[in-house]
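Thanks for coming. I have one structure to go through today, and I will keep to what can be read from the coordinates.

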Amino acid sequence: MIQRIQTVFLFLAVIALVVFNIIPYWQATGQPEGEGVLLLSYALQTGDLVEPTYNFGLYSVVGGIAALAIILLVIEIFSYKNRLTQMRIAIGISFLMSLDLVLMTFLIVDLQGDYEGSFGIGIFVFALAMLLNILARRFIQKDEKLVRSVDRLR
């Protein structure tokens, strides 16, 4: 299980999504000293650093989808005996991550009207997780082709 490269990619994708759920993926600039706006995967944080105000709601859907993707990634890691199931799960995770990316884009565009902001490290970590999932799926598919070609020779 661990010796396969796709397992390493999937494990790194889990770590990337956990980091994404912790750090902000968008932040406002040009705010007064000590105040700011951070867009986290689970909430919109406004106010100063000492006593921030959190706005959940639609913002928490991004974190929920990312948490579901983490659970599915772990299931995909441990279903290494059935490559077809792994590929199906990888496609589902790619769909969930694409949906998450669309939702994040919508939230960022909505906030751009009120604040002048920039992307945080979280968006790049999320993109890394998407890339790792795609790479893992390609290697799973490559293994499946290899097994089918060996079965054909028998």
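Predicted model: local features only at pLDDT ≥ 70, side-chain atom pairs only at ≥ 80, totals over all residues.

The protein has four helices and five strands. Going from the N terminus, the order of elements is α-β-β-β-β-α-α-β-α. The radius of gyration is 19 Å, while the globule rule gives 15 Å for 154 residues, so the protein is more spread out than a compact globule. Along the principal axes, the C-alpha atoms fill a box of roughly 70 × 25 × 20 Å.

Of the 154 residues, 38% are buried. The exposed surface comes to about 8,900 Å², and 67% of that is supplied by carbon and sulfur atoms. If you take contacts with a separation of 6 or more, 66% are between residues 24 or more positions apart.

Now the core. The largest nonpolar core has 35 residues, and Leu-17, Phe-20, Tyr-25, Trp-26 and Leu-39 are those with the most contacts inside it. Which elements supply at least two residues each? They are H1, strands S1 (26-29) and S2 (35-39), and helices H2 (59-78), H3 (83-112) and H4. H3 gives the most, with eight residues.

Take Leu-17 as an example. Apart from neighbours within four places in sequence, Leu-17 contacts Ala-66, Ala-69, Ile-70, Leu-73, Met-97, Phe-126 and Ala-129. Phe-126 also belongs to an aromatic cluster, together with Phe-20 and Tyr-25.

That brings me to the aromatic pairs, and the count here is four. One of them is Phe-9 with Phe-139, a tilted pair at 5.7 Å centre to centre, with 45° between the planes. Phe-9 is in helix H1 (residues 5-20) and Phe-139 is in helix H4 (residues 121-153), so this pair ties together parts 130 residues apart in sequence. Phe-9 counts as buried at 16% relative accessibility, whereas Phe-139, at 28%, counts as partly exposed. Another pair is Tyr-54 and Phe-56, and it is stacked because the planes are at 20°, with the ring centres 6.3 Å apart. Tyr-54 is partly exposed at 37%, and Phe-56 is partly exposed at 46%.

Is Gln-45 buried or exposed? Gln-45 is buried, with a relative accessible area of 10%. Beyond four places in sequence, the contacts of Gln-45 are Gly-36, Val-37, Leu-38, Leu-40, Pro-52, Thr-53 and Tyr-54.

Last, the salt bridges. A search of the whole structure finds three. Asp-143 pairs with Arg-4, with the closest N and O atoms 3.3 Å apart. Asp-143 is in helix H4 and Arg-4 is in the segment before H1, so the bridge ties together parts 139 residues apart in sequence. Arg-4 is buried at 15%, while Asp-143 is partly exposed at 24%.

Arg-83 and Glu-144 form a bridge with the closest N and O atoms 2.8 Å apart. That pair links helix H3 to helix H4, across 61 residues. Glu-144 is buried, at 10%. Glu-144 also meets Arg-148 in a salt bridge, at 3.0 Å from N to O. Those two both lie in H4, four residues apart, about one turn of the helix. Arg-148 is partly exposed at 47%. Shared partners therefore join Arg-83, Glu-144 and Arg-148 into one network.

Definitions and conventions:
Residues numbered from 1 in each chain as written. Heavy atoms only, no water. Phe/Tyr/Trp six-rings, centres within 6.5 Å; stacked < 30°, edge-to-face > 60°. Buried < 20%, exposed > 50% of the residue type's maximum accessible area, 1.4 Å probe, protein only. Core = buried A, V, L, I, M, F, W, Y, C linked by side-chain atoms within 4.5 Å. Contact = heavy atoms within 4.5 Å. Rg over C-alpha atoms; globule rule 2.2 N^0.38 Å. Areas by Shrake-Rupley, 256 points an atom, 1.4 Å probe, with all protein chains shown as cover. Salt bridge = Lys/Arg side-chain N within 4 Å of Asp/Glu carboxyl O.
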